[in-house]
Amino acid sequence: MNWTFRKPALAALALAVLVVTAGGLLLRGSDKTSGQIQEEKQAPISKTEPVSDEQPPQAVPTAVPAEDLKADRRRLLETVGALTAAHNYQTYLNIGLIADGKAKGTYSNQDARQMLDSILSLQSSIDRNLASLTKLDLDKRDLESLDQMRDLSALLRQQGKDLKVFWDSGKEEDSARYDDTRKDSWAAIGRLTGIGRQ
């Protein structure tokens, strides 16, 4: 295998993994931070220090205003949307790179299929996470965006499946079907991200 051509595809795959990981961390929060917060909440009062009336009063946590919570939620949803759009765009590029690499003989059949399976597996993982967001109380605009992202995810998975069918059959009609799905995926990416608009 020619490593010169494989490096860009591996770099693209690494970028996709990074985006997925960053999105997961963003949604969960840092485990270290949440652990520290739990320890602070559960810290026992020392029995050796006498409590006197001279100690300053402890700060009472204040409630976060509803407007701030709403703004934080909006930023979180926008970030998840941006990361998902970037991941979908990268998935589209990766499928194309693998298809081109196999067609030019850069990748063996086995290597191309393994890379494509890895990409489609990541896409399925993203789709499962997007499906879980439907359980949240989202406004109409957010639900529409979520539906667009899920539709694009389904298109990208179909594009990968159509590519495999073409590889298996070698038939012109299967190549045309893959190309149609590829064009549909690109159009959906354009609608979601604004790429290609003037």
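1. Helix H3 (66–103) and helix H5 (140–169) are among what covers the buried residues of H6. Cover here is contact, meaning heavy atoms within 4.5 Å, and buried is under 20% relative accessible area (exposed is over 50%, partly exposed in between; 1.4 Å probe, protein chains only). Helices are DSSP runs (H or I, at least four residues), numbered from the N terminus.

2. Before going on: this is a predicted model, where local features need pLDDT of at least 70, side-chain atom pairs count only at pLDDT 80 or more, and totals for chains, interfaces and linings use all residues. Residues are numbered from 1 along each chain as its sequence is written, and side-chain values use heavy atoms, with hydrogens and water left out.

3. H6 itself covers residues 172–193 and reaches 31 Å from first C-alpha to last, close to the expected 32 Å (1.5 Å times one less than the number of residues). Its buried residues include Asp174, Tyr178 and Ile189. Just past the end of H6, Gly194 has a positive phi of about 85°.

4. On to H5, with 30 residues and a reach of 43 Å, close to the 44 Å expected. Ser153, Leu156, Arg157 and Trp167 are among its buried residues, and the cover includes H3, H4 and H6. Just after H5 sits Gly170, with a positive phi of about 70°.

5. Have a look at Gln123, which sits in H4 (residues 109–133). Gln123 is buried, at a relative accessible area of 0%. Leaving out residues up to four places away in sequence, Gln123 touches His87, Asn88, Thr91, Ser153, Leu156 and Arg157.

Methods. Helix = DSSP H or I, 4+ residues; strand = E, 2+ residues; numbered from the N terminus.
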